[in-house]
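I opened a new notebook page for this chain.

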Amino acid sequence: MHLSATFLRISRWHTTAARIALTAAGLGLANVRAAEFATLPPAIRRVVFVGDSITYAGVYVCDIAAYFATRHPGHGVTFLNVGLPSETVSGLSEEGHANGRFPRPDVHERLARVLAQTKPDLVFACYGMNDGIYLPFAEERFKRFREGMVWLHDQVTARGARIIHVTPATYDETKGGKAGYGAVLDRYSDWLVGQRSAAGWEVVDAHRPMQEALDSFRRADPAFVFARDGVHPNDLGHWFIAREILRHLGAGDVSTATDAAAMMAAHPAGTAMLKLVTEQQTVLKDAWLQATRHTRPGMKAGLPLDEANTAAVRLQREIDALR
């Protein structure tokens, strides 16, 4: 029994390696070794992203899904985005949030429903931007963030899923106007990265590379921005988040890609595929948010889940045809 299971794992590894090699050859990536592609273990079939409005915007999620569509034809992994704007993992909300219409959503309220319905094998969790409530550093708020992260980690792993934490995007004080808040997120990000050794967590640090890129771009062009409001990254800002996640999964072929378009240029139909993946992700995220019964007012109504899944299958056929 043990030998049989071992043989099955080895066979799967060789099958995966052969498929990656053929994909590289088919894409014409003459200078890219198959080992440089990001991979997921065969047991991971459903990947779920949770987070705030940056995750809900979904550009980095689409970049990752499109990467796998080009590097792993027929990979069979489903990527689901259930990020919710304004949400925190700390459970905190500032006075007068949304002009007093509603407090910030708290992931504690909905996580059990999300996990039960989406049934993830792997969860990416990206929180922090809202958790300091755009105020100067305070130990009590930092404590609530840490406790929320530990709770989130434990809830996911208790269901047998793998979790990878992602540090928050950089906050641009010159545009957001909250002096000192960048340092707050530095501290939150440093704590998360520290959990690699302190608790054995998997943590992708998107915060520092994004800040370093912002500083570099701004030295060349003082008017450069990732986020016009200081918070919500543009497509290029999202690319830096996607790139770091892909690199964590083993992608060496994205290290020199300047943006998602450059990543997709490896495939002759890459631009069209990214557009279709984005359409697919948009349909699915609103449907899943609705199906998991979020409580945030003002969100776009999604399709019933069966209709969204039908649309996603149709779009998948179009994506597959471009391969």
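These are my entries, in the order I looked things up.

**Entry 1: the model**
I note first that this is a predicted model.

**Entry 2: strand β3**
I started with β3, which covers residues 122-126. How many of its residues are buried? I found 5 of 5, so I wrote "mostly covered", with buried meaning under 20% relative accessible area. Leu122, Phe124 and Cys126 sit on one side. Val123 and Ala125 sit on the other. Both faces are covered.

**Entry 3: neighbours of β3**
Next I asked which strands pair with β3. One is β1, residues 46-51, which runs parallel to β3 with 5 bridges. Here valine 47 has leucine 122 of β3 as its bridge partner. Another is β4, residues 162-166, also parallel to β3 and joined to it by 5 bridges. On that side, alanine 125 stands opposite histidine 165 of β4. I then followed the chain from β3 to β4. The path goes through helix α5, residues 139-158. I logged this β-α-β crossover as right-handed.

**Entry 4: helix α4**
I moved to α4, residues 107-118. Which of its residues are buried? My list reads Val107, Arg110, Leu111, Arg113, Val114, Leu115 and Thr118. I kept a rule beside this list: an α-helix has 3.6 residues a turn, so residues three or four places apart point the same way. What covers the buried residues of α4? The cover includes the strands β1, β2 (78-81) and β3. It also includes the helices α5 and α11 (270-291).

**Entry 5: positive phi angles**
I reminded myself of the background before checking phi. Most residues other than glycine have a negative phi. Serine 86 has phi near 80°. It lies in the loop between β2 and α4. Is serine 86 buried or exposed? Its relative accessible area is 10%, so I marked serine 86 as buried. Arginine 293 has phi near 60°. I placed arginine 293 in the loop between α11 and α12.

**Entry 6: the largest pocket**
Now I turned to empty space. Rolling a probe the size of a water molecule over the atoms shows where such space is left. The largest pocket holds about 330 Å³. Its lining has 19 residues. Which of them lie nearest the centre? They are His75, Val77, Thr78, Gln280 and Gln316. I found α3 (59-71), β2, α11 and α12 (305-322). Of these, α12 gives the most, with 6 residues. By class, the pocket lining has 9 nonpolar, 8 polar and 2 charged residues.

**Entry 7: the cavity**
How many cavities of 30 Å³ or more does the structure hold? The count is 1. The largest cavity has a volume of about 40 Å³. Its lining includes Thr170, Asp172, Met210, Leu214 and Phe226. Ala227, Gly230, Val231 and Pro233 also line this cavity. I sorted the cavity lining by class: 6 nonpolar, 2 polar and 1 charged.

Note on methods. Residues are numbered from 1 along each chain as its sequence is written. This is a predicted model: local features need pLDDT of at least 70, side-chain atom pairs count only at pLDDT 80 or more; totals for chains, interfaces and linings use all residues. Side-chain values use heavy atoms; hydrogens and water are left out. On a 1 Å grid over the protein atoms alone, a cavity is a set of points where a 1.4 Å probe fits but cannot get out, and a pocket is an open set with protein on both sides within 12 Å along at least five of seven lines; lining residues have an atom within 4 Å of a point. Grid points are joined across faces, edges and corners, and a volume is the space filled by probe spheres set on the points. Ala, Val, Leu, Ile, Met, Phe, Trp, Tyr, Cys and Pro count as nonpolar, Asp, Glu, Lys and Arg as charged, and the others, Gly among them, as polar. Buried means under 20% relative accessible area, exposed over 50%, partly exposed in between (1.4 Å probe, protein chains only). Helices (H or I, at least four residues) and strands (E, at least two) are DSSP runs, numbered from the N terminus. Two strands pair if DSSP finds at least two bridges between them. A crossover is right-handed if, with the strands pointing away from the viewer, the path from the first strand over the helix to the second runs clockwise. Contact means heavy atoms within 4.5 Å.
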